[in-house]
Amino acid sequence: MGIIVFGSINIDLVATAPRLPVGGETLLGEDFFQVSGGKGANQAVALARLGILTQMVGRVGADNFGVELVNNLQASGVQTNNIFVDETVSSGVAIITVSQAGENQIIVIPGANGRVNQEDVQRLSNLLPEATALLLQLEIPTHAVVAAAKAARNANIKVILDPAPAQSNLAVELYELVDIITPNEVEAGQLVGFAVDGEETAAKAAEILLERGVKCAIVKLGAKGVFCATAQEKFFLPAFPVHVVDTVAAGDAFNGALAAALFEGKSLHQAVIWGAAAGALAATKPGAQTSLPNRLTFDAFLKEKDKLIPSLKRDGISR
């Protein structure tokens, strides 16, 4: 038994420069690097590095980027037999310019990710009998996400949705197919129509998401912590204090560790602690998949931060 991730697989092409160029300007940059990304692939790597049997279902193009993306997933322990190589389109690419001040400009070419369709859902469906959970995001066509959630519901498989990129008009039917939804504060605000900037507004947003049909709403507030609500309970978890270098993929690390904890039979409380710990660890390193912790590092971090658990208990968190 394992966990399936159905979603995007991208290559990120990153250029750094003193500042962002204005229209029509040629600017000398400072550095260039390429890294594997895509929210789906990131979450698959996050799971596999924590020792969970993980299947990635998605698409890449028949190009060098596609080969590199699949190889990198395999190197992290992700099973890639159900990644389709689409010979009609390029792999998904994100072209990113970053200034010294941390500002960025991003152009995303969906490529093969934009071609994910019912054929991919069928490959996913064939795997569901051997799975315990399905992780979804919104970097592939929404109709494919809905179809995948329906297939998982029919197979009695838990559905965990990361509603990113943020959408204000998310398909109404999707909410009722989701067991756990995990927006960050920006995404939660897009979903509910008001700013989410702390525990109080996160609680209001979570209540609305529950009313729309999800069974559990987890609102990630970055350095402010995490708010979690179900019909039976509500609790707030303070963030683990770390030196933040780069928050890229911190949300993906959270979802991977959350799902890993539930897979191992942990309580919802402990799963949220795992998610917060993995997200905090990812924020201490630059990059997307390069920042995701392995199990040894993760377990050591939890042990080191164990002294914080009593204060978490006072806030309603149990181990």
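How many helices and strands does the secondary structure of the protein chain come to? In this predicted model, the count is eleven helices and 13 strands. Keep the structure in view as we walk through it.

Let's begin with the overall form. The C-alpha atoms of the protein chain fill a box of roughly 55 × 45 × 40 Å along the principal axes. For 319 residues, a compact globule would have a radius of gyration near 20 Å, and the 19 Å of this chain agrees with that. Buried residues make up 54% of the 319 residues. Now look at the contacts between residues with a separation of 6 or more: 67% of them involve residues 24 or more positions apart.

Next, find strand β1, residues 2-6. Five of its five residues are buried, so β1 is largely enclosed by the rest of the structure. Which strands does it pair with? One is strand β8 (residues 131-136), which runs parallel to β1 and is joined to it by five bridges. Another is strand β4 (residues 54-61), paired with β1 in the parallel sense over four bridges. You can see both pairings at I3, which stands opposite A133 in β8 and opposite T54 in β4. As a general point, strands of a sheet pair through backbone hydrogen bonds, either parallel or antiparallel.

Another group of strands is worth a look. Four strands form an open sheet in the order β3-β2-β6-β7, with mixed pairing. Its edge strands are β3 (31-37) and β7 (104-109), each of which pairs on one side only. On average, neighbouring strands of this sheet are turned by 15° against each other, direction ignored. Within it, strand β2 (residues 10-17) and strand β6 (residues 92-99) pair in the parallel sense over eight bridges. To spot this pairing, look for A15, which stands opposite T97 in β6.

Now let's go inside. In soluble globular proteins, nonpolar side chains tend to be buried together. The largest nonpolar core here has 56 residues, and I218, V272 and F298 touch the most other members. Helix α9 (residues 268-282) gives the most to this core, with eleven residues. Leaving aside neighbours within four places in sequence, V272 is in contact with I218, V226, C228, F235, L237, F254 and L258. There is also a second, separate core of 46 residues, which includes I140, A148, I157 and V159.

I157 lies in the loop between α4 (142-154) and β9 (158-161). Beyond the residues up to four places away in sequence, I157 touches L128, A131, T132, A133, L134, A152 and D179. Although I157 and T132 are 25 residues apart along the chain, their C-alpha atoms are separated by 5.7 Å.

Finally, consider the cysteines. A disulfide is a covalent bond between the sulfur atoms of two cysteines. How many disulfides does a search of the whole structure find? The search finds zero. C216 is in no disulfide, and the nearest cysteine sulfur, that of C228, is 3.8 Å away. C228 is likewise in no disulfide.

Definitions and conventions
Residues are numbered from 1 along each chain as its sequence is written. This is a predicted model: local features need pLDDT of at least 70, side-chain atom pairs count only at pLDDT 80 or more; totals for chains, interfaces and linings use all residues. Side-chain values use heavy atoms; hydrogens and water are left out. Helices (H or I, at least four residues) and strands (E, at least two) are DSSP runs, numbered from the N terminus. Contact means heavy atoms within 4.5 Å. A disulfide is a pair of cysteine sulfur atoms within 2.5 Å. Buried means under 20% relative accessible area, exposed over 50%, partly exposed in between (1.4 Å probe, protein chains only). Two strands pair if DSSP finds at least two bridges between them. A nonpolar core is a set of buried Ala, Val, Leu, Ile, Met, Phe, Trp, Tyr and Cys residues joined through side-chain atoms within 4.5 Å. Axes are lines fitted to C-alpha atoms, for helices over the stretch in contact, and angles run from 0 to 180 degrees between N-to-C directions. The radius of gyration is taken over C-alpha atoms; the globule rule is 2.2 Å times the number of residues to the power 0.38.
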